[in-house]
Amino acid sequence: DVVLSYEPSPSAAVAGGTTGVLLQTAGTATATLHVHGRAAHAGAAADEGRNALIELASQILNTRDTAKTVPDMQMNWTMATAGTARNQIPASAEAIGDVRISDPQGPEKLLAALQAKVAKPSLVADTTTTVELEVARPMFTAGPRGTALAKLAQRVYAELDMGGLSEQHSRDMPGGEFAFSGRNLMLIPG
């Protein structure tokens, strides 16, 4: 089976503003940093606490460029939560990161690199940090049938005098539900 998907303008932006056939889409994953510290009253006993929020901030800074060391991977910390009360040193904190995958072995390599970073001594004593990586959508690369369909689309476009239809490989845009289908996928920006 082959899936043919016509996508709106975001695909054209990924394709450099040209009309094209996307033959590869990035997969997606979620990275999660968990920090555990110790709660304490922020006014009366702050020194007894182990501030998970401060440690989380430190770990975000320590890991923010980790994906740049893993070929064909991209990661950005996008959300964070900590604490439940204004007057309490937070005992736990969490950050969520958006990950884009353009190498099937990339998630394992990125997780190992992140784990190595958070294993280093922490800024806030007596805190622990763990990291997880969960793949949501695998990356997609068109197979021979999808590539053949792309070539046919290029010929039809040319016959209709609609200009060139270039082949594109996106490292930024996830492949949507079709990435789960295991079928050949062709995205034509519209």
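The model is predicted. Helix α4 runs over residues 144-159. Helix α3 runs over residues 106-118 and holds Leu110.

**Helix α4: length and end**
- Helix α4 has 16 residues, and at 1.5 Å a residue they should span 22 Å.
- After α4 comes Asp161, with a positive phi near 55 degrees.

- Gly146, Ala150, Ala153, Gln154 and Tyr157 are the buried residues of α4.
- An α-helix has 3.6 residues a turn, so residues three or four places apart point the same way.
- Pro144, Arg145, Ala158 and Glu159 are exposed, on the face of α4 turned away from its buried side.

**The nonpolar patch**
- Leu152, Val156, Leu160 and Met162 make a nonpolar surface patch of about 360 Å².
- Leu152, one of the patch residues, lies in α4.
- Leu152 has a relative accessible area of 40%, so this residue is partly exposed.

- Not counting residues up to four places away in sequence, Leu110 touches Thr66, Ala67, Val70, Met73, Met75 and Val99.
- Met73 and Leu110 are 37 residues apart in sequence, yet their C-alpha atoms are 7.7 Å apart in space.

Notes:
Residues are numbered from 1 along each chain as its sequence is written. This is a predicted model: local features need pLDDT of at least 70, side-chain atom pairs count only at pLDDT 80 or more; totals for chains, interfaces and linings use all residues. Side-chain values use heavy atoms; hydrogens and water are left out. Helices (H or I, at least four residues) and strands (E, at least two) are DSSP runs, numbered from the N terminus. The expected span of a helix is 1.5 Å times one less than its number of residues. Buried means under 20% relative accessible area, exposed over 50%, partly exposed in between (1.4 Å probe, protein chains only). Patches are made of residues with over 30% relative accessible area and no salt bridge: like charges are joined within 9 Å, nonpolar side chains (Val, Leu, Ile, Met, Phe, Trp, Tyr) within 5 Å. Accessible areas come from the Shrake-Rupley method with a 1.4 Å probe; for residues, only the protein chains shown count as cover. A salt bridge is a side-chain nitrogen of Lys or Arg within 4 Å of a carboxyl oxygen of Asp or Glu. Contact means heavy atoms within 4.5 Å.
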